[in-house]
Amino acid sequence: MTAHPLPGPRPGRTGLLAGLLAAAAGEIAASATGRGRSPSSGLARGLVDASPAMLVDGGVALVGRADKPGLAVLAAGASGLAAAAGGALAGRRPVLGAAVATAPHAVGGYLALRRGDASARDTAAATAAGMLAAAAAVAPLRVPRSAVLAAAATATGAVVAADRRARRRGAAALRDRVALPTPVRPLPPVSAADAAPQTGVAPLLAQPGELVVIDVTVPEPRTDLGTWRLEVDGEVERPLSLPLRELLALPLEERDLLMICVHNPVGGDRMGCARWTGIGLAELLGRAGVSDGDGWLVAEAVDGYTNVLPLSVARAHGFLAVGMAGRPLPREHGSPARLLVSGRHGQDGNIKWLRRLTVTSTPPLSYWGSRGWADGTYPVHPAARIDAPGQHAHIEPGEIVVRGYAWAPPVGVDCVQLQVDGGPWTDATLGVDLGPDAWRPWTARWVATPGPHRLRVRCRTTTGQWQEEQTATPFPRGVHGIHAVPVHVGSGPVVPAIRRLVSDGATRMSWAARSVAAWRHRASSGSTTTWSAGGTS
């Protein structure tokens, strides 16, 4: 009997592997350089730039904080599929096969260079590394299944290690090159009792690494601190061009400010509060000779992202931050400088990696404004959430402490109420007041009896406005609604855990569907929303 060797993997599998390895090669090369961007990062950002706002809205609602990893997977997948297709073509048309296999890397490298936030030399080197590795897709290789798995695992580990090394190097550069001065107007320290961590509850003031990172750039820009300058120009009397050392020499102050993503669902965690060091925009604009009156402020980041705000809002609530939690601003949170605007969502007022502030009477559309969002005034609605107990939590009968946060920047919160099973609303106890621009912790005691229960929370602003109870999606005027938490008292932990998983999936699907429906309604009605400094009109 003649023995026949086992067939090797199909050419498509070999090509797919080559493409994934090529994506890994580009990532590793970019991480190894000082300021390079990989082709995959260019593809990921290009995907966000090219996607309809309706799709972005629904996609974020569906995947939540997994949006960035998802973009990275899609970019790597595009490289793999192209390499597989190139490998299939290479047997008959080698040149065409090589062109198809390397195309995502060439396009991704071009898109990365267009951003202008990285070194052209380092980005070109990362692109070349990816293209050379992708050329392996046209080679007639027969790779055993074990080699496929081993190479994929090795490449994944190498990418993670290279990224961590690059982040450590960037953090070290910040420590070595940036000395955050003592603020002229510091805030009093928060007491140990108020800052003490509580199980299941977000930190009162986040440290670097604890605050959620949200943006459209994957990964964050590697700004050259030596050449970076903040430009203040446009309709100003005295244009400014401030290098980092001059910006740090200005009279700095501390502010406790809440950040919240426009895609944060009711009760969601795409938000957080931190203590920031910087200078008020009113003072900075005053140094540039910006006169009082109407107008607009265009904020531009080093990666080309832009926001547009009424000048009156920027003066009253804008803050240019250069530090976080008493340390230089981390790269992932906007180093060397970022803009924070109290009472505005991230897409409407906050911007990281700031490089230019332009005063104008005729503003262009912002990054999201050009895609259907309303520029100008997009306020954060007053809201409250329950942090503990969590969704479908299993708890024992008896008295428990319900904890959470409430917020209503820039006016603040003066009352929080808890409701159990549709009963009467009862006042909660408010915690430390960090100011109207921050969130406020609250607690309420509840005697839990066996069985399923539903907890709800609401807040009232210092101006007497209760938060809106009707649930609304991000578009067209921001998320609002009452946070409700189902809990299970005295039952076993298995059923609540299953219900939590099912509920989370159903909620994501529902938010995604409703978000898309809001955009479809806008398109079908042909209506547009006009915003002014005072609101809608």
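**Surface patch, helices and strand pairing**

In this predicted model, Leu 16, Leu 20 and Leu 81 make up a nonpolar patch on the surface. Together these three residues have about 270 Å² of accessible area. Leu 81 belongs to helix H4, which covers residues 67–90. The relative accessible area of Leu 81 is 61%. Exposed means over 50%, so Leu 81 counts as exposed.

Helix H3 spans residues 53–63. Its buried residues are Ala 53, Val 56, Asp 57, Gly 58, Val 60 and Ala 61. An α-helix has 3.6 residues a turn, so residues three or four places apart point the same way. Just after H3 comes Gly 64, with a positive phi of about 65°.

Strand pairing was examined next. Strands of a sheet pair through backbone hydrogen bonds, either parallel or antiparallel. An open sheet is formed by 5 strands, with mixed pairing. Their order is S12-S19-S18-S14-S15. Strands S12 (393–395) and S15 (426–427) stand at the edges. Each has a single partner strand, so one side of each is left without a neighbour in the sheet. S12 runs parallel to strand S19 (residues 483–489), and 3 bridges join the two.

Antiparallel pairing links strands S11, S13 and S17. Strand S11 (residues 383–388) is joined to strand S13 (residues 398–407) by 5 bridges. Here Ala 383 has Trp 407 of S13 as its bridge partner. S13 also pairs with strand S17 (residues 440–448), over 9 bridges. Val 402 is bridged to Ala 444 in S17.

Notes:
Residues are numbered from 1 along each chain as its sequence is written. This is a predicted model: local features need pLDDT of at least 70, side-chain atom pairs count only at pLDDT 80 or more; totals for chains, interfaces and linings use all residues. Side-chain values use heavy atoms; hydrogens and water are left out. Two strands pair if DSSP finds at least two bridges between them. Helices (H or I, at least four residues) and strands (E, at least two) are DSSP runs, numbered from the N terminus. Buried means under 20% relative accessible area, exposed over 50%, partly exposed in between (1.4 Å probe, protein chains only). Patches are made of residues with over 30% relative accessible area and no salt bridge: like charges are joined within 9 Å, nonpolar side chains (Val, Leu, Ile, Met, Phe, Trp, Tyr) within 5 Å. Accessible areas come from the Shrake-Rupley method with a 1.4 Å probe; for residues, only the protein chains shown count as cover. A salt bridge is a side-chain nitrogen of Lys or Arg within 4 Å of a carboxyl oxygen of Asp or Glu.
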